[in-house]
Amino acid sequence: MSRKAKDNLVRGAIYGCAGFTVLILVVIIGFIVIKGLPGISIDFLTRDYEDKTTYISVDAAEQEQTSGQEEGYVSSIKAVIGLNDKGQAVITKLDEDSPLKEAKNTKNEAYPVSKKDIITKAGDLKIEGISSLSDAVSSLNGLSGNVKLKITRPGGGILPMVVTTLYMIGISLLISAPVGIFSAVYLIEYAKPGRLMSTIHFAIQNLAGIPSIIYGLFGSLFFVKVCRLQYSLLAGALTLSIILLPTIITTTEEALKAIPKTYRESSLGLGATKLQTINKVILPNAMPGILVALLLGIGRIVGESAALLLTAGTVAQIPQALFGNSASGATLTIKMYTLMKEENDLTTACAIGIVLLVIIIFINWASKAITKRLLKKGA
Amino acid sequence: MDRNLSRNVKRDVWEKIVEGIFLICALAGVISVIAIIVFVFYKGLHPFFGEDAYSFWDFISGTRWAPSQNVYGVFYMIAGSVLATAGAIIIGVPIGVLTAVFIAEMAPKGAVRVIKPAIELLAGIPSVLYGAFGLGVVVPIIKEISPMVQGQSLLAVIIVLTIMILPTIVSLSESAIRAVPKSYREASLGLGASKIQTIFKAVLPAAKSGILSATVLGVGRAIGETMAVMMIAGNPTQGLPNSIWSMVRPLTTNIAMEMSYASGRQQEMLFATGVILFIFIMIVNITLLKLTNKEGDK
Amino acid sequence: MAEKKPAKFSVQDLSLYYGDFKALNQINMEIPQNEIIAFIGPSGCGKSTFLKTINRMNDLIEGVKVEGKIYMDGTDIYKDIDVIKLRQKVGMVFQQPNPFPMSIYDNVAYGPRIHGIKKKSQLDEIVETSLKQAAIWDEVKDRLKKNALGMSGGQQQRICIARALAVEPEVILMDEPTSALDPISTLKIEDLAVELKEKYTIIIVTHNMQQASRISDRTAFFLTGDVIEYGETEEIFNNPVQKKTEDYITGRFG
């Protein structure tokens, strides 16, 4: 083969590989978006995951004979209802002064009914399998005085996972950010080259290489069992904190290294102590870099699954405590996984995938914007 | 202002205390590594000692995993992990390096502006999403063409792992290629070599150690990947993979699959699986450190 | 210069090592108050190193060992003293203008704030006085909140001098303060130095022999870690005792 032909062949291979890399990304994102988009809606983002059924008591309103009301208006509860496919009464509209807004649950706490809640039982009357709307209206209108209603609030949303993810981000960073940043400060500003420093660096490099499933194993043994935290927010966040350490430390170290030596010299030359110099000159100037470190950390938390699976559990609920019995909760990523693996629901999984993609793209964009501004300022 | 040069003891003590706090934070990494090793190894080596010890040889050479019958063999998992990793490296490294060559040497500015963010994004995508992609796209396609009934297979794992290690390979190789001094290129071009020849005969050999580090890092990422692989590997309870269509059960997924409900011996055996995985990772880490240190010496 | 001014510093047998390398060799020197002392000599002769021993900035360098004594107003600064307080008394201006990336105001107020002054009115006053002393007040008074890095090199250097003055030092060390500046800025800094010696003792390291002869009262000539000659500037430049000094001053080497 002539040299030219050979060159062209190789050139083609190079272009092909580069094209393949981009194509893969397009295919992955395309797949997630196409598959998941039908699942995305306001309800999906704001609703609870499970249906929630509650008994409430309501003081029925005085019956007023008013005409000209919409179809499906129930004057005893001052609300408009419709029927769903199970023949249950779905609330579609509430009057300002509807007694449903003053409803109390069995523990006598306020439990205001809202739109899209479903009434499945009124007093002893089951409201199910009703075929005509006027039947439902008239049976509900028959109520008077203090009545008990069984209300189902429909789920199908990812709100608990969003909240759990936010908790997870908050707690993990609360632990790992100070430790990581201080540790970088120690390594750059205090430590003298020697055995201690190389040991610390060796440890950090090793941490960075450990796969998250091993962190999960460790967390499930140490935090969950030995520390008796159980599957919980705190056990998950502590495990994540260790995972984040290498990222935060190395990124902060880079930021500190980039600060000119003259800043340190002139501050010390003015009679500032080392701590004052770090506090007033070094950390403020390293702030953009530290911010990038935290953003990378958030990206890692949002994407983490294997370690959390073994430490924070897979329950789709908002954790009610830091640790203990009711403290477990699934993050978005974990829920996405269980949806695929256990519930075989790829559509909902991909809908979560879209949310994750949006977060990741935002983080990428933000950290790049910060770095770019930093470079501009340095020039 | 105090004009006397005597020491301010209170301030000096405070500075020392804060330095101590910084030091303790810096030691958190070391403590974590030690704690992880101690706990995982302690729990993982436990079943092989004492009264009711399980034969380590049976564990390491066995090809069946049946906790209910007290049979724990991980050899077929090791084989699965190693084959999947090797496959991903064999396909992923050439693609990644050539992509890096494209970015560093050939691409017009506009193309770089597309490809680099794409690769950064690829690096940031959570592994569960790769799993979804594998499950929704790769597995069905393989099911069509495979002689076996299921699409979950070694091949599916290799494909997804290849994609997952690409960003690592590309970005590290790119920096290695960019670090090659311009004079090498000029010298080669000056001798009448074509651009392509220059890249392959002068630039890539000079970037060799950087590309090697990228490869080793890719090995680490591939062998440790769990969630993406779990959904597409098939995870059989026994049997060495005998073709790319066979299902595999990598070490990582073995742990993730059963950890949530395992207890007693079975749980310890999952930790033992973790120990094996850890040893692989240690080898990777140390190789990488050796490589980068050697680079630093140069 | 007939009257003998009291000595601010008295250096006795000072040697300094970087590891095994002896960078300063048995230096003895009396530095009087309210004068400008110039250190001259070729690169690597130890003049900057010696300057940094005076406020112990050399503490920041790994592996430096100091022998001998430096007395400041009778106190040995290499004994058990507070380095922070020493550096408040002995300010420093560096070769490259190095303002912090903050506003001019915050740069000058940095030192006073560090030392515990919080009141706005007091800080305002210190900033104004210091900038006036550094002869840059008129140029910057309308843009005190602007980033100091936006100023020209010469202005930056005078801001750095103001920043050093704001700490109310007794001595100012200047390490080739004009080597990065244009001739006009250089002259401004030189005039400033001459004005400042009324209140401060100034020690200046310079490469520029004309500069030394223009502004300094005394000059020390350094060569490979030794002080070859030290005396009144006029004497050194017109009538050097040592052959090496003469060679250097007349430009035969260096």
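Two residues are in contact if their C-beta atoms, placed from the backbone, lie within 7 Å. This is a predicted model, in which local features need pLDDT of at least 70, side-chain atom pairs count only at pLDDT 80 or more, and totals for chains, interfaces and linings use all residues. Residues are numbered from 1 along each chain as its sequence is written, while chains are lettered from A and ligands numbered from 1 in the order in which they are written.

Select chains A and B. Here 67 residues of chain B are in contact with 70 residues of chain A. On the side of chain B that touches chain A, the elements giving two or more residues include α1 (9–45), α3 (75–106) and α12 (264–297) of chain B; helices are DSSP runs of H or I of at least four residues, strands are runs of E of at least two, and both are numbered from the N terminus. The most comes from α1(B), with 19 residues.

Next, select helices α4 (residues 159–190) and α7 (residues 233–257) of chain A. Their axes, lines fitted to C-alpha atoms over the stretch in contact, come within 6 Å and cross at roughly 40°, the angle running from 0 to 180 degrees between N-to-C directions.

Finally, select I36(C), in strand β3 (residues 36–40) of chain C. I36(C) counts as buried because 24 other C-beta atoms lie within 10 Å, the threshold being 20 or more, with C-beta atoms placed from the backbone. Among the residues that I36(C) touches, not counting those up to four places away in sequence, are A193(C), I204(C) and D217(C). The C-alpha atoms of I36(C) and L173(C) are separated by 10.0 Å, although the two residues are 137 residues apart along the chain.

Key
Buried ≥ 20, exposed ≤ 12 C-beta atoms within 10 Å, placed from the backbone.
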